[in-house]
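Here are some friendly notes to read beside the model. Please keep the structure open and find each residue as you go.

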Amino acid sequence: MDSTAPPGSVLWSRIFGSESRVASEDKKMNTPEQRPLGTNVASLARDLARMVDLQLQLLTLDVKQFWSGARTGITVSLLAGIAILGSLPVLLFGIAGVLQRVTDWSPEVCRLALGTTISIVGIGVLWIAIIRVGHAAATFKRSQEELAQNIQWVREVLHQDEE
């Protein structure tokens, strides 16, 4: 198999292991750095497989850490939502009746005041829970940065002769 690369074929010369642009000028290179096509392809495939495996391991770790940190926030969010929805009608009618007897407000004003108060408390609890989930999701930043570095490495390997 000829180890010279066709003119202008950077990838082809890289696969055959040439280290300079002499190969792109149809000159044979007989240097010890030259490796057979199969060795270079196998080496690249092995490196890519390792990189994918490590990326998946990091993602698995990040997912586990996310769930351990987000579990409480998600649970609190669900419970807060259930509490808000379940308690609104009961509280509005029950406390509105008491409030109407204590004050001279109309039933509509009492219900509006109670509904507003309950909603504000529920929104506050839900906001805190969402913040906790957001903090737990920050663990995925590590996977994102590692993936960006791996993609950059692949680009550098595939385009190193173009510089």
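1. Start with asparagine 150, which is buried because its relative accessible area is 13%; buried means under 20%, exposed over 50%, and partly exposed in between, using a 1.4 Å probe and protein chains only. Asparagine 150 sits in helix H4, residues 140-158. Helices here are DSSP runs of H or I with at least four residues, strands are runs of E with at least two, and both are numbered from the N terminus.

2. Before going on, please note that this is a predicted model, where local features need pLDDT of at least 70 and side-chain atom pairs count only at pLDDT 80 or more, while totals for chains, interfaces and linings use all residues. Residues are numbered from 1 along each chain as its sequence is written, and side-chain values use heavy atoms, with hydrogens and water left out.

3. Which side chain makes a polar contact with the side chain of asparagine 150? That of glutamine 55 does, at 2.7 Å. A polar contact is a pair of N or O atoms within 3.5 Å; within protein, one must be able to donate a hydrogen and the other to accept it, and residues adjacent in sequence count only if both atoms are side-chain atoms. Leaving out residues up to four places away in sequence, asparagine 150 touches Met51 and Gln55, where contact means heavy atoms within 4.5 Å.

4. Now look from the other side of that pair. Glutamine 55 belongs to helix H2, residues 37-102, and is counted as buried because its relative accessibility is 13%. A polar atom of its side chain lies 3.4 Å from the backbone nitrogen of leucine 147. Not counting residues up to four places away in sequence, glutamine 55 touches Ser143, Glu146, Leu147 and Asn150.

5. Helix H2 also holds leucine 59, which is partly exposed because its relative accessible area is 36%.

6. Aspartate 47 pairs with arginine 50, and their closest N and O atoms are 3.7 Å apart. These two are separated by about one helical turn because they are 3 residues apart in helix H2. Aspartate 47 is partly exposed at 25% relative accessibility, and arginine 50 is partly exposed at 49%.

7. Next comes helix H3, residues 107-137, whose 31 residues should span 45 Å at 1.5 Å a residue; its end C-alpha atoms are 45 Å apart, which agrees. The expected span is 1.5 Å times one less than the number of residues. Buried residues in H3 include Cys110, Leu114, Gly115 and Ile118.

8. Take glycine 115 in helix H3, which counts as buried at 14% relative accessibility. Setting aside neighbours within four places in sequence, glycine 115 is in contact with Leu88 and Leu92. Its C-alpha atom is separated by 9.4 Å from that of alanine 96, 19 residues apart along the chain.

9. Finally, step back to the whole protein chain. It has 4 helices and 0 strands, and buried residues make up 22% of its 163 residues. Among contacts between residues at least 6 apart in sequence, 60% join residues at least 24 apart.

Conventions
A salt bridge is a side-chain nitrogen of Lys or Arg within 4 Å of a carboxyl oxygen of Asp or Glu.
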